[in-house]
Amino acid sequence: MVIKMIKENLAIVEQNIAEACKAANRKCSDVTLIAVSKTKPVELLQEAYDYGCRDFGENKVQELVEKYECMPKDIKWHMIGHLQRNKVKYLIGKTYLIHSVDSVRLAEEIHKEALKQNCTVSILVEVNVAGEETKYGTTNEDAIQLVAEISKFSNISIQGLMTIAPYVENAEENRQYFGKLKQLSVDIMNKNIDNVNMNFLSMGMTGDYQVAIQEGASFVRVGTGIFGERQYKCS
Ligand SMILES: *Cc1c(COP(=O)(O)O)cnc(C)c1O
């Protein structure tokens, strides 16, 4: 992949988002771009910030907390990766939204820490819509029940659903899964459960965010498309 400037990449992604919104007859203001900055140094995050990004996504607690400490305070931090219960205490109070809640036990831990810190934590329930064995997330069948159980925790506010679609060459293959998540959110909304909002759908990554927007995404999570390929250290 050709390495381009973040500014140029952002302009392309924003243009694509605008076009997808137009095609779907949606307002651009209903779609928020999350710059997924995992593994990237704060210098690059600062560059994205300077070009207007205020929503950043990280998938590891320690990395999110470190970046939180040294980046501007008006950033909205999104925890998008699998969350272990023993790490929850470091995270509470620092996130705008936790996208990856997929069990009652994890929700209970978040609730407990939120109580201690006297705050309410906004979350999304992660659904493994495509049923991939390697992915976290609750099943389509269990999602409504899980939402109902989590809704009982007073210091958690359910704001919607999140999914990580399969890795595919052709984004159109994921349209069915984005449509399913949207339908699931409508089904849950129609249950009128107390303390449950279905304001947000977090779906779509670099390879398929335009399709996700056409199917109703409110957050798209784009890493590679903004910051370039990630390099993981071997260990
Ligand atoms: C890494 C990651 C992304 C971004 O992936 P890209 O393909 O680089 O855009 C989005 N969502 C989650 C949950 C991720 O872990």
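The shell around the ligand consists of five nonpolar, three polar and three charged residues (Ala, Val, Leu, Ile, Met, Phe, Trp, Tyr, Cys and Pro count as nonpolar, Asp, Glu, Lys and Arg as charged, and the others, Gly among them, as polar). The model is predicted: local features need pLDDT of at least 70, side-chain atom pairs count only at pLDDT 80 or more, and totals for chains, interfaces and linings use all residues. Residues are numbered from 1 along each chain as its sequence is written, and side-chain values use heavy atoms, with hydrogens and water left out.

**Ligand surroundings**
- The residues around the ligand are Val 36, Lys 38, Ile 80, Ile 164, Met 205, Thr 206, Arg 221, Val 222, Gly 223, Thr 224 and Arg 230, each with a heavy atom within 4 Å of the ligand.

**Polar contacts (pairs of N or O atoms within 3.5 Å)**
- The side chain of Arg 221 has an N or O atom 2.8 Å from a nitrogen atom of the ligand.
- An oxygen atom of the ligand lies 2.5 Å from a polar side-chain atom of Thr 224.
- For Arg 230, a polar side-chain atom is 2.8 Å from an oxygen atom of the ligand.
- Of the 390 Å² of accessible area that the ligand has on its own, the protein covers 89% (Shrake-Rupley method, 1.4 Å probe).

**The largest pocket**
- The ligand sits in the largest pocket, with more than half of its atoms within 2 Å of the pocket's grid points.
- A pocket is an open set of points on a 1 Å grid over the protein atoms alone, where a 1.4 Å probe fits, with protein on both sides within 12 Å along at least five of seven lines; lining residues have an atom within 4 Å of a point.
- The lining comprises 26 residues, and Lys 38, Ile 164, Ala 165, Met 205 and Arg 230 lie nearest the pocket's centre.
- By class, this lining has 10 nonpolar, nine polar and seven charged residues.

Note on methods: Polar contact = N/O pair within 3.5 Å; in protein donor to acceptor, adjacent residues only side chain to side chain.
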